[in-house]
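Hi everyone, thanks for making time for this. I'd like to walk you through a structure that may be new to you, so please have a look at it while I talk.

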Amino acid sequence: MNCNADDRLYTPKLARIIQASQLTESERLFRLRFPDGEGLGHKPGQFLELSVLGVGEAPITIASPPDEDGCFEVCVRKVGNVTSALHRLSEGDLVGIRGPLGRGFPLEELKDHDLLFVAGGIGIIPLRPVIKSVLARKSEFGRVILFYGMKHPDEWLFRDEFAQWEARGADVRVTVDRPVAGWDGHVGVVTTLLAEFQMCGEMIASLIVGPPVMYKFVLLGLSAKGLRDHKTFLSLERHMKCGLGKCGHCQINGVLVCRQGPTFSYAELKDLREALLG
Amino acid sequence: MKPKVAFFDFTGCEGCQLQVISLGDDLLGLLQVVEVVNFREAMSDRGQDYDIAIIDGAISQPADIERIQAIRKQAKTLVAIGACACLGGVNSQKNFRSPEDVRRYVYGDRADLIPTIPARPVSQVVPVDWEVRGCPITRSEFVKVISALLRGLRPIIPNYPVCKECRAHENVCMYDKGMVCLGPVTRAGCDPMCPSFGNFCFGCRGLIDNPNLEAEKEILKERGLSLEEIIRFFRFTWGSLDIAGDMYQYDFID
Amino acid sequence: MPYKLLKRNQYLNWVGKLLDKIRVAAPVPKENRFGYAEISSPEELGYQNRYIPTLIPPKKYVFPRTELLVNYNLGDQPQAEPQKVETEPLALLGVKPCDINGLRQLDMVFLEEPIDPHYARRRAGLTIVGMDCWEPCDEYCFCESVGGLSVSSGYDLLFTEHEDDYIISVGSERGGELLAISDAVGDVKPELLEALREGQLRKFQRFPLRLSPDWHSLPLLLTGTYRSKLWEELGAKDLSCGACNMVCPTCSCFDVQDEVGLGAHCGKKLRRWDSCMLEDFAKVGSGENFRKLRAERVRHRILRKFKYQLQRYGESFCVGCGRCARACLVKIDPLKVLNELWERSQQDMPNPPSA
């Protein structure tokens, strides 16, 4: 019997919080680093299992592009025990990390493509490492367009980075769901931005991340514009408890999201009946 | 400063307080992290300055209402422990009899001195922050809940039926032994104490969030129970809960 | 594969010798049922080779109900270390074909990359001594219909009764060594093997094919009946109690939770059997529940066994032991579910156009 198993498979490796900043009322950004200086070695779109020792473990998407001097970031909304406890930690504290896990976005296959990013709310978090990676080598890609929708301007994540992204050549549109005093930008759900989107041809790919309800309408909108299913990519939220394809929690029909995802092309999800709402 | 904890008992047997006293090493652990200022089962001193109130027993006398409201006002955190405090428990069986008969039966010729009201859980009178269920409470769960609340966490309490744990413990199903059992709808977390020792589950930890009571009734009917008997079974500890719609349609006084 | 022979009346004697060498667990009577338990003398084997499948399958020896995965310290120098699995070797006796297949299928899940270290270590210490079945267990068993009666691997030794003998298939070197501890073990004459094979061919006829469709075609049936009304009907009576999952030899889902004491100086991560039938199983942190309805969960369980895992690993992940149906208080029996879906799909079939 094979005993060459990694004994530390379920054991988190401790990483230190080197910076913690409150981005919005409920989201906090943590910059982490392993004390031994080893990098995380992840790809944009992958996730990790984050432990707050004494509390529990939760799957968290990686918010930073690869190779930032051995540092990596997570941006976490306070919702449950683990995330609330994480919010109470500060610089110098240790958290447990398992990962990177899952499949990232197929960035290398998207070279020379025009890229359309559609993010709803905290859906911007898994797209941020892709956007930053792409803009760092912008000449290898075509146009970069970002549509970002949120309920209220106070929820705008990474707001200070948007100007840099524009400066590097991204075409950025931001919208809020309903009119708000002091907001002179676009108003309406993120799908309303698609109306002004003009692109055609084979060399367009879209990357969409948002709440379950957003996917249906954005996908319909993009299909109507002729975007190809196999070049439309999503990231799904499921209960990825072990992250290793064993525990069964994240299973959608026959697919284990933690191993085969969390990023998928729409072509892969189209016939997966539990994947998208409706 | 260690948070101050006070235990208060209402209508019940105080068996849940005994469970706390018999925590063993965990009791010593508890005393390291909190200061107990009021605990009738274990100490004679009484302090009225406390942060955490731990309540056992049901609300079943008019004076209980004012008392629990005063405790709620003082306590930052209120924890109900045991079936009586969390569900009304066996006390609520009296709710289906004439209050006069109940008083005469319990207090005899002194009945007039002791007023009574229908028994109810603490949460039906004041907001309850956390519950430790069971008759009596499970010690490990008490430790888990207190440990979580001291660290500002939400304790993880099972939201699945006793059957899950009971089967995993390799017990022969009560129904396969010719008994009836409320395990299929009762909240687990008791380390299936009763069925592991040969007794059926009488529902002391209350219901899971979405129990299939209709299915449970069907099972009991198949085993030959009449609707009245089923209701009576449900009322054994759930008499104060607003469940099963028709529970209150029957008022049968022995 | 080599075969050996042992007189049936020498079996307990061999078990006695085995007990001198290794820990042994076997099905023993538990109230009116059977359960796997460690034995200390051959006389405890009260089951006489015939028993209704045990309350829970032998998977508990490789995938315990509760298992400590990680220990950690809190405080100034936090540290997390995996719990070392230290088990003495254990031999399981009297394992039925359905349970041999169940263990083999658990291997597929836990020993595929990334290998589950805790499972792998327990499994490495396990010797499986099977006992072939000659008769169906009861009205719930349908092993032959899903390929669960045939075993060609997954055991160290497999005993088959043949008149006054046991003919023993030796599946591993370790099995051979454990058999060799008895002088009473001998070789099998070719004609006896031939007789055994003929007997086995006849045996399969005694296990009726109780499943209407061929199990290979189940993914197709289950794809076509995904929106069947039957799921809602089953959902209406389902208790979502998880009993079926707890007793299933191939269910492998688990939950992991942290536990800390009152002092909060140290803690541990524990894994426990979980169940896809429970309401919160597919709930995520934000509160969304992806299988909120009982009907959806019943369907997921059936499809996982007969479609998803089947497509992933090439075998029906139900071995037909009947445990879930025996345990189900509302009588949800996978065999009946599949047959009902089959019936209805036949009825729903449009009539062929007349020539």
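Let's begin at the start of α3(C), where a side-chain oxygen of Asp116(C) comes to within 3.2 Å of the backbone nitrogen of His118(C). Please keep in mind that what you see is a predicted model.

Now, how enclosed is α3(C) by the rest of the structure? Largely, because six of its eight residues are buried. Those buried residues of α3(C) are Pro117(C), His118(C), Tyr119(C), Ala120(C), Arg122(C) and Arg123(C). And what do they pack against? Within chain C, their partners are β4, α2, β7 (126–131) and β12.

Arg123(C) deserves a moment of its own. Its side chain meets that of Asp107(C) in a salt bridge, with 3.0 Å from N to O. Arg123(C) belongs to helix α3 of chain C and Asp107(C) to helix α2 of chain C, so this pair ties together parts that are 16 residues apart in sequence. Both partners are buried: Arg123(C) has a relative accessible area of 6%, and Asp107(C) is at 13% relative accessibility.

Let's step out to where chain C meets chain A. Here 50 residues of chain C are in contact with 42 residues of chain A. If you are new to this, the size of an interface is often given as the accessible area lost when the parts come together. For chain C and chain A, the buried area is about 4100 Å², and carbon and sulfur atoms give 56% of that. Which residues of chain C lose the most area to chain A? They are Pro114(C), Phe254(C) and Phe290(C), which together make up 14% of what that side buries.

There is a polar side to this interface too. Between chain C and chain A, 28 residue pairs are in polar contact, counting those with both residues at pLDDT 80 or more. Several elements of chain C each supply at least two residues to the side touching chain A, among them β4 (66–73), α2 (97–110) and β11 (254–260). The one that gives the most is our friend α3(C), with six residues.

Four salt bridges are found across the interface of chain C and chain A. One pair I'd like you to find is Glu274(A) with Arg291(C), whose closest N and O atoms are 2.8 Å apart. Over all chains, the search finds 55 salt bridges. As for this pair, Glu274(A) sits in the segment after α7 (266–269) of chain A and Arg291(C) in the loop between β12 and α9 of chain C, so two chains are joined by it. Are these residues buried or exposed? Glu274(A) is buried, with a relative accessible area of 12%, and Arg291(C) is buried as well, at 2%.

Elsewhere in chain A, a network of salt bridges links Arg31(A), Glu68(A), Glu73(A), Arg128(A), Lys132(A) and Glu161(A).

Chain B gets a brief visit. Lys217(B) and Glu214(B) form a salt bridge, with their closest N and O atoms 3.4 Å apart. Both lie in helix α9 (residues 213–222) of chain B, three residues apart, which is about one turn of the helix. Lys217(B) counts as buried, at 5% relative accessibility.

Let me finish on the surface of chain A. Val213(A), Phe217(A) and Leu220(A) make a nonpolar surface patch of about 310 Å². Val213(A) lies in helix α5 (residues 212–224) of chain A and, at 53% relative accessibility, counts as exposed.

Note on methods: Residues numbered from 1 in each chain as written. Chains lettered and ligands numbered in written order. Predicted model: local features only at pLDDT ≥ 70, side-chain atom pairs only at ≥ 80, totals over all residues. Heavy atoms only, no water. Patch = residues over 30% accessible without salt bridge, like charges linked within 9 Å, V, L, I, M, F, W, Y side chains within 5 Å. Areas by Shrake-Rupley, 256 points an atom, 1.4 Å probe, with all protein chains shown as cover. Helix = DSSP H or I, 4+ residues; strand = E, 2+ residues; numbered from the N terminus. Buried < 20%, exposed > 50% of the residue type's maximum accessible area, 1.4 Å probe, protein only. Contact = heavy atoms within 4.5 Å. Buried area = accessible area lost by both parts, 1.4 Å probe. Polar contact = N/O pair within 3.5 Å; in protein donor to acceptor, adjacent residues only side chain to side chain.
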